[in-house]
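Visitor: I am new to this structure and would like to learn how to read it feature by feature. Could you guide me through it?

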Amino acid sequence: MELCMATLSRAHTAVAPFLSAPPLSSRVRDFRKLSVVCLCRINSESTESPKDTQMVVSITGATGFIGRRLVQKLLSDKHKVRVLTRSRTKAQFVFPVENFPEIIIAEEEEWRKCIEGSNAVVNLAGMPISTRWSPEIKKEIKQSRISVTSKVVGLINHTSAEVRPSVLVSATAIGYYGTSETQVFDETSPSGNDYLSEVCREWEMKAHNVDNGVRLVLIRIGIVLGKDGAKMIPLFVMFAGGPLGTGKQWFSWIHLDDLVNLICESLTNPSYRGVINGTAPNPVRMSEMCDQLGQVIGRPSWLPVPDFAIKAVLGEGASVVLEGQRVLPAKAKELGFSYKYPYVKDALEAIVGGL
């Protein structure tokens, strides 16, 4: 999930975790960009370990909040990137050729060529949930995830064994667990029974249809903190920042850089498989998150956004930010994943310092 902020009346802000993987836009909008990442070795006969081998990467959701940073990370590590998109024009706007000459942008009919010969696929596509939910929007939120995941899995499964990818990393979300102020969730916890839980179950089910010879990693993403998700900061500067609702709800977050590193580790480390929670090891309550942000900015966190204001903007979707969930990354810790930002204050300081 990304961190999504919706501006309320009188400069109030509503925060909502997105499913985008993937994932979460930096503002409320009806965003329908889809793209896919395929990961290929230059030399399939190489005896080098995957970490020492140049890869070719193509991404669904490459133009999104998480996807853009993933592309930058892969390019900085000297890998090659292919962006699979439904709109070449939109992808070229995000990745202009003069700045990204090495990127290949492929529209839907060219996805198969990208996946053939790749040794991994990363699937981050999905419409953001940071908007008022109508029956039509709810249907589109679900379908945007299911349809692209089904397409990617189908292309992998119909690729001949000698050029088939060996790993699929597919985004999902901590919405899988439902919401609670008291429960603690990890990868072994059952699914919830609300709308987002249903979306995540069906989303993951499509990924599970991938050929059993392909290593599958499902990253349940929490609220992603990054520069593009820092819309609360101007409100604190104006002394107008504060918690959403009661402030008691849990805020299970992860810094964008840590999430991207987790995805990259999942691509190269064969120990990474199955469900992995994409959250930091120290979730906080909403009130603490706002207090920490206030301290980093040097402004008080004193003006809460009432429930009714958030519900007026998000309707049924307000439950995501008003209830929250406490999700721990038990699997990532067991695997020894190293967090650059394990505490929210450190993450916020890094974000504010980079603005």
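Visitor: Leaving aside its neighbours within four places in sequence, which residues is Ser252 in contact with?

Guide: Please keep in mind that this is a predicted model. Ser252 is in contact with Ile174, Gly222, Ile223, Thr279, Pro283, Gln325, Arg326 and Val327, once neighbours within four places in sequence are set aside. Ser252 itself is found in the loop between strand S12 (250-251) and strand S13 (253-255).

Visitor: Is Ser252 buried or exposed?

Guide: The cut-off for buried is under 20% relative accessible area. Ser252 counts as buried because its relative accessibility is 2%.

Visitor: Which backbone atoms does the side chain of Ser252 reach?

Guide: A polar atom of the Ser252 side chain lies 2.6 Å from the backbone oxygen of Gln325, and the side chain also reaches the backbone nitrogen of Val327 at 2.9 Å.

Visitor: How should I read a helix, taking H1 as the case, and what should its span be?

Guide: The expected span is 1.5 Å times one less than the number of residues. Helix H1 (residues 65-76) has 12 residues and should therefore span 16 Å, which agrees with the 17 Å between its end C-alpha atoms. After H1 comes Lys78, whose phi is positive, near 70°.

Visitor: Which residues of H1 are buried, and what do they pack against?

Guide: An α-helix has 3.6 residues a turn, so residues three or four places apart point the same way. In H1, the buried residues are Phe65, Ile66, Gly67, Leu70, Val71, Leu74 and Leu75. The buried residues of H1 pack against strands S4 (55-60), S5 (80-85), S7 (120-123), S10 (215-221) and S11 (223-225), as well as against H7.

Visitor: How many residues does the largest nonpolar core have?

Guide: In soluble globular proteins, nonpolar side chains tend to be buried together. Here the largest nonpolar core has 68 residues, and those with the most contacts inside it are Ile66, Leu70, Ile103, Leu168 and Ile263. Helix H7 (residues 256-268) supplies the largest share of this core, seven residues. Apart from this core lies another, of 23 residues, among them Ile223, Leu225, Trp253 and Leu293.

Visitor: What does Leu168 touch?

Guide: Not counting residues up to four places away in sequence, the residues that Leu168 touches include Val121, Asn123, Val152, Ile156, Ala207, Val214 and Leu216.

Visitor: Finally, how many disulfides does the structure hold?

Guide: The structure holds zero disulfides. As for cysteines, Cys114 is buried, with a relative accessible area of 3%, and Cys290 counts as buried at 0% relative accessibility.

Note on methods
Residues are numbered from 1 along each chain as its sequence is written. This is a predicted model: local features need pLDDT of at least 70, side-chain atom pairs count only at pLDDT 80 or more; totals for chains, interfaces and linings use all residues. Side-chain values use heavy atoms; hydrogens and water are left out. A nonpolar core is a set of buried Ala, Val, Leu, Ile, Met, Phe, Trp, Tyr and Cys residues joined through side-chain atoms within 4.5 Å. Buried means under 20% relative accessible area, exposed over 50%, partly exposed in between (1.4 Å probe, protein chains only). Helices (H or I, at least four residues) and strands (E, at least two) are DSSP runs, numbered from the N terminus. Contact means heavy atoms within 4.5 Å. A polar contact is a pair of N or O atoms within 3.5 Å; within protein, one must be able to donate a hydrogen and the other to accept it, and residues adjacent in sequence count only if both atoms are side-chain atoms. A disulfide is a pair of cysteine sulfur atoms within 2.5 Å.
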